Amino acid sequence: MQQLVILTGAGISAESGLSTFRDTDGLWQQYDVMELASIQGYRRNRERVLEFYNARRSNLLTVRPNHAHEVLAELERDYQVTIITQNVDDLHERAGSTHVLHLHGELTKATSSMNPNDPKCVVDRPLDQAIAIGDKAADGSQLRPFIVFFGENVPNMSLAAQIVQQADIFVVIGTSLVVYPAATLLRHVPKGTPCFLIDPGTFDDTMVRGFEHIQTTAVAGMDLLKEKLRQLRS
Ligand code: APR
């Protein structure tokens, strides 16, 4: 089976009702990213950061996967699909995708403030169970969201790059490609690999040279994507 590798961002969850970050109504238009999503911000005011992520965690309970998530899960019938996502929601998994690699963490998990990437400290945390000051991780430190904060390294980057290097087809859906190192994954796509970008926005050509841009929303773009994939198979 051909390796279909898909890089997703907040845009694929927009039609499920989750805010993106940099659209006009995005999270970082309403909140200060350095206060709420950076390691410095967490160290300065843990309560404020826990409150922000507890709100995002309980909000995730109220939404469901959309048609785009569902189509990507269905594509596992015809391809070896790996989704590399910058999203911290679990909508790909809830839609049925079985190979999902999260670059920036997962709202459904919690970890240690002292050793956030120690697998012994990463635990599932039901979305309706807030993380409070005084909750402890396995190493005795304050429990925190299993989120990669700005200023921390991205442990899954090298694995993600290896996966992209194996792609027979590469698709980017719903990311502004402005956050590093995630955006550098495009440099790992093998030469000559068919590449598609599904996003209603506009992009600097240098960033997405060689991509066929399906300039629409994730949901509307799914039928077009399936047609393009069919053409590649014929
Ligand atoms: N369908 C597809 N794409 C959409 C839709 C939609 N319905 N709505 C918006 N988009 C696109 C926007 O045009 C934009 O290109 O989704 C992208 C959203 O970009 P960002 O808000 O920057 O989100 P993302 O690229 O995922 O951010 C990357 O930044 O703050 C960090 O850790 C956070 O993982 C996040 C990272």
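In the predicted model, a nitrogen atom of the ligand lies 2.9 Å from a polar backbone atom of alanine 218, a polar contact being a pair of N or O atoms within 3.5 Å. Side chains take part as well: an N or O atom of threonine 175 is 2.7 Å from an oxygen atom of the ligand, and one of glutamate 15 is 3.1 Å from a ligand nitrogen. Of the 740 Å² of accessible area that the ligand has on its own, the protein covers 91% (Shrake-Rupley method, 1.4 Å probe).

The ligand is surrounded by 23 residues (a heavy atom within 4 Å), and the closest are Arg22, Trp28, Thr175, Ser176 and Asp199. This shell consists of 9 nonpolar, 10 polar and 4 charged residues; Ala, Val, Leu, Ile, Met, Phe, Trp, Tyr, Cys and Pro count as nonpolar, Asp, Glu, Lys and Arg as charged, and the others, Gly among them, as polar.

An automatic or database assignment divides the protein into domain 1 (1–17 + 65–104 + 153–234) and domain 2 (19–62 + 107–147). The ligand lies between domain 1 and domain 2, because both give residues to the shell around it. Their centres, taken over C-alpha atoms, are 25 Å apart. In contact across the two domains are 15 residues of domain 1 and 11 residues of domain 2 (heavy atoms within 4.5 Å).

Residues are numbered from 1 along each chain as its sequence is written, and side-chain values use heavy atoms, with hydrogens and water left out. As the model is predicted, local features need pLDDT of at least 70 and side-chain atom pairs count only at pLDDT 80 or more, whereas totals for chains, interfaces and linings use all residues.

Methods: A polar contact is a pair of N or O atoms within 3.5 Å; within protein, one must be able to donate a hydrogen and the other to accept it, and residues adjacent in sequence count only if both atoms are side-chain atoms.
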